[in-house]
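Me: Please take a close look at one residue of this structure and describe its surroundings in a connected account. A few words on other parts for context would also be welcome.

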Amino acid sequence: MNFPAKIDIPDRTFRQASESPERPRKRRFAAIAGILVLVGAGTAWSLLHDTTAEAVAMPVPQVQAANPLVREVTQWDDYVGRFAPSQSVEVRPRVSGAITRIHFKDGEFVRQGQPLFTVDQRPYRAALAEAQADVAAARSAVALARSDYDRVAGLSGDEAMAASEVDQLRTRMHSAQAALAAAQARARQRALDVEFTTVRAPISGRISDRRVDVGNLVSGDNNANATLLTTINAVDPIYFTFDASEALFLKARREQEQGHAPARVQVRLQDEADYKWNGRLDFTDNGLDPRSGTIRVRAVLDNPKGFLTPGMFGNMRLAEGAKAKALLVPDDAVQSDQARKVVLTVGRDGTVAAKPVELGPLVDGLRVIRSGLSKEDRVVISNYQAAVTGAKVETRRGMIAADTHTITAPGASVPMASQATLNN
């Protein structure tokens with residue numbers, strides 16, 4: 001079999017025929033991908049470049065700084081106590097009998113000497129009349145005995161009587177006089193019984209409710225077994241009793257030895273925000289309780305309207321001593337650093353530093369700083385989040401002022417038993 005002769009085909013023609021239609025498409029995709037990579041790289045570089053520029057250009061934080069407020073304050077210690085009457089009397093009858101009248105309303109104020117109860121007076125008036133009759137008879141016997149004695153005492157000579165008879169007449173006269181005195185004493189006792197049939201208020205104060213009604217028989221034995229009719233509490237002035245530490249006792253004794261006036265106290269009730277009841281210390285007990293180390297102390301307060309009632313609880317604050325200069329900062333400026341309290345200050349170069357401080361009471365929204373701060377320090381009083389210890393800040397001049405309209409309550413920074421008031 002004869003085959004055809006070899007046919008030469010040009011290389012260009014062969015390459016065109018051998019190329020697939022997919023190849024140009026892949027090239028286009030590769031070109032587009034390259035362009036996207038370049039664009040992404042440029043964008044990333046631009047973003048990184050802009051972030052670095054912004055970080056470099058970030059401004060220094062601004063805070064307000066001010067020197068601590070220097071004011072004269074009176075510091076107080078807080079105590080909890082109870083009101084007690086300045087006098088308390090149980091009203092009991094002095095004579096026995098039936099109650100015929102009651103002259104008061106339960107719970108009202110009564111004055112000393114005011115009639116409260118009336119016991120049946122008839123048997124006592126009859127006994128008084130009998131005693132008065134005995135007085136009259138004894139007085140007549142005295143007159144007769146004196147007349148007999150005077151008649152013979154002046155006789156002399158033959159008319160004179162024996163000395164023994166004269167002595168008998170003198171003795172009879174003295175006996176009659178003694179009988180008269182006894183009769184008069186019995187009459188006075190019967191008169192007292194009649195007076196005691198009207199039971200009067202022994203003191204002025206608020207009376208309790210009546211324990212007996214009209215018609216009840218009451219016993220007037222002169223001892224504790226006498227019938228209890230009611231009780232009266234004197235509430236003006238009124239006492240406030242509380243337990244204090246040995247340190248307060250020593251301080252009170254030192255001040256007493258130095259001739260100082262009794263310490264001032266102020267009391268507020270459970271539903272009050274301000275300390276509106278003023279008084280003074282007037283008594284400390286004669287010994288400390290060895291188990292608790294405390295001593296019973298009493299203050300006295302005026303209560304002209306009788307609003308304060310025995311048994312009520314109250315919060316009392318006691319002046320610690322004389323007025324003193326104190327450094328005050330806003331309570332928000334005090335921060336906690338683990339177990340200690342710190343205040344942020346700004347140095348001359350604008351660097352923030354934290355100073356540990358000892359806190360005092362809260363007064364009108366400001367915190368008293370006992371130690372750790374000086375009046376020349378510049379305290380951060382705003383933008384506390386931007387003030388970082390060791391960082392630089394830009395300061396603007398601020399001012400610390402007391403907020404006299406703030407109702408101050410003991411905060412978490414200090415114990416409750418610590419308060420102060422600004423002095424005008």
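Reply: In this predicted model, the side chain of Thr 230 comes to 3.0 Å from the backbone oxygen of Asp 209. The backbone oxygen of Ser 208 is also reached by the side chain of Thr 230, at 3.4 Å.

Thr 230 belongs to strand β9, which covers residues 230-245. Its relative accessibility is 0%, and Thr 230 is therefore classed as buried, the limit being under 20%. Leaving aside residues up to four places away in sequence, Thr 230 touches Ile 207, Ser 208, Asp 209, Arg 210 and Arg 211, among others. Its contacts also include Val 89, Glu 90 and Val 91, as well as Phe 104 and Phe 117.

Leu 327 is part of strand β14, residues 324-330, and counts as buried because its relative accessibility is 14%. Among the residues that Leu 327 touches, beyond those up to four places away in sequence, are Pro 68, Leu 69 and Val 70, together with Arg 367, Val 368 and Ile 369. The C-alpha atom of Leu 327 is 9.6 Å from that of Gly 360, a residue 33 places away along the chain.

Finally, there is a hairpin. Strands β15 (residues 334-337) and β16 (residues 340-346) run antiparallel and are joined by four bridges. Val 334 stands opposite Val 343 in β16. Two residues lie between β15 and β16, and Gln 338 in this turn has a positive phi of about 60°.

Terms used
Residues are numbered from 1 along each chain as its sequence is written. This is a predicted model: local features need pLDDT of at least 70, side-chain atom pairs count only at pLDDT 80 or more; totals for chains, interfaces and linings use all residues. Side-chain values use heavy atoms; hydrogens and water are left out. Buried means under 20% relative accessible area, exposed over 50%, partly exposed in between (1.4 Å probe, protein chains only). Contact means heavy atoms within 4.5 Å. A polar contact is a pair of N or O atoms within 3.5 Å; within protein, one must be able to donate a hydrogen and the other to accept it, and residues adjacent in sequence count only if both atoms are side-chain atoms. Two strands pair if DSSP finds at least two bridges between them.
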